[in-house]
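Subject: A structure for you to look at

Hello,

Here is the structure I promised to pass on. Please open it alongside this message, and then read my notes below.

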Amino acid sequence: MVCLYQQEGLEFSELIKDIIKKQFNLPVVVAHSVRIPSQAFNPLRTQYDAMKIIETFVYSLDQKCNWHLIIIDKDIYTPRFNFIFGLADVQRNIAVVSTYRLSKNGLLKERLAKEVVHEMGHILGLNHCPIPVCVMYFSNTVADTDRKGFDLCPECRRKVERI
Ligand SMILES: [Zn+2]
Ligand SMILES: [Zn+2]
C-alpha cells in the first residue's frame, strides 16, 4: 500500500490513485497533509532542499504503508542540480514530487502523473532507463517529460514485476 501526503491546498488524490493502480496495481491511501519544514529552505538558492524535506518527514510517516509519496508545490533541488521534479529515497521508500516546474502550458496533470510513476518506479527498485519514451527515462526538462509516456518499457516492466 502507498500512503499519499499532499501539501495543504493540493488535491491530486484521484489522479494519483488512478495512475498508481494502473501502472503498479498498488492501492493508494490518502494520509495526513504535509507541512514543508522551514529548515529545508535555502535562502541562497530560494529553493527547498528535497532531501531535507524527506529527512524531516521520516518522523511522521504513516506506518501502515510500505511506500510513501509526498506531493508539494515548492521549487526543489538537490546539490548536483539546478532543480528537480522529484526525488526518491530508495532506502526509506519515500518519494517526493513537486508540481512547481510542471505547470506550464496546462499540462500539469499529465506531467505530474508521469513524474509520480517515475519516482514510484525508483522506490520499487527501478533505475533510470535509456529509452526516451520510457517513464523511467531521466527528465532534465519538461520537454523530456512531455516526450515520454506514462508506461514502463517492457524491460522496466519485467524488472518491477519481479519485485
Ligand atoms: Zn529518476
Ligand atoms: Zn524503461
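To begin with the contacts: among those in the chain with a separation of 6 or more, 63% are between residues 24 or more positions apart, where contact means that the two C-beta atoms, placed from the backbone, lie within 7 Å. Please bear in mind that this is a predicted model, in which local features need pLDDT of at least 70 and side-chain atom pairs count only at pLDDT 80 or more, while totals for chains, interfaces and linings use all residues. Residues are numbered from 1 along each chain as its sequence is written, and chains are lettered from A and ligands numbered from 1 in the order in which they are written.

**Overall build**

The chain has 5 helices and 8 strands; these are DSSP runs numbered from the N terminus, with helices being H or I of at least four residues and strands E of at least two. Along the sequence, their order is β-α-β-β-β-α-β-β-β-β-α-α-α. The C-alpha atoms fill a box of roughly 40 × 35 × 30 Å along the principal axes. Of the 163 residues, 35% are buried, a term that requires 20 or more other C-beta atoms within 10 Å of the residue's own, whereas exposed means 12 or fewer and partly exposed lies in between (C-beta atoms again placed from the backbone).

**Strand β5 and its partners**

Strand β5 (residues 67-72) is mostly covered, with 5 of its 6 residues buried. Which strands does β5 pair with? One is β1 (residues 2-6), parallel to β5 over 5 bridges, and another is β8 (residues 94-98), also parallel and joined to β5 by 5 bridges. Pairing here takes at least two DSSP bridges between the strands. Ile70 in β5 stands opposite Tyr5 and also opposite Val96 in β8.

**Helix α1**

Helix α1 (residues 13-24) has 12 residues and should span 16 Å at 1.5 Å a residue, which agrees with the 16 Å between its end C-alpha atoms; the expected span is 1.5 Å times one less than the number of residues. Ile16, Ile19, Ile20 and Gln23 are buried in α1. They cover an arc of only 95° around the axis, so they sit on the same side of α1; the arc is that of the directions from the helix axis to the C-beta atoms. Glu14, Asp18 and Lys22, on the other side of α1, are exposed. The buried residues of α1 pack against β1, β2 (28-30) and α3 (108-123). After α1 comes Asn25, with a positive phi near 55°.

Best wishes
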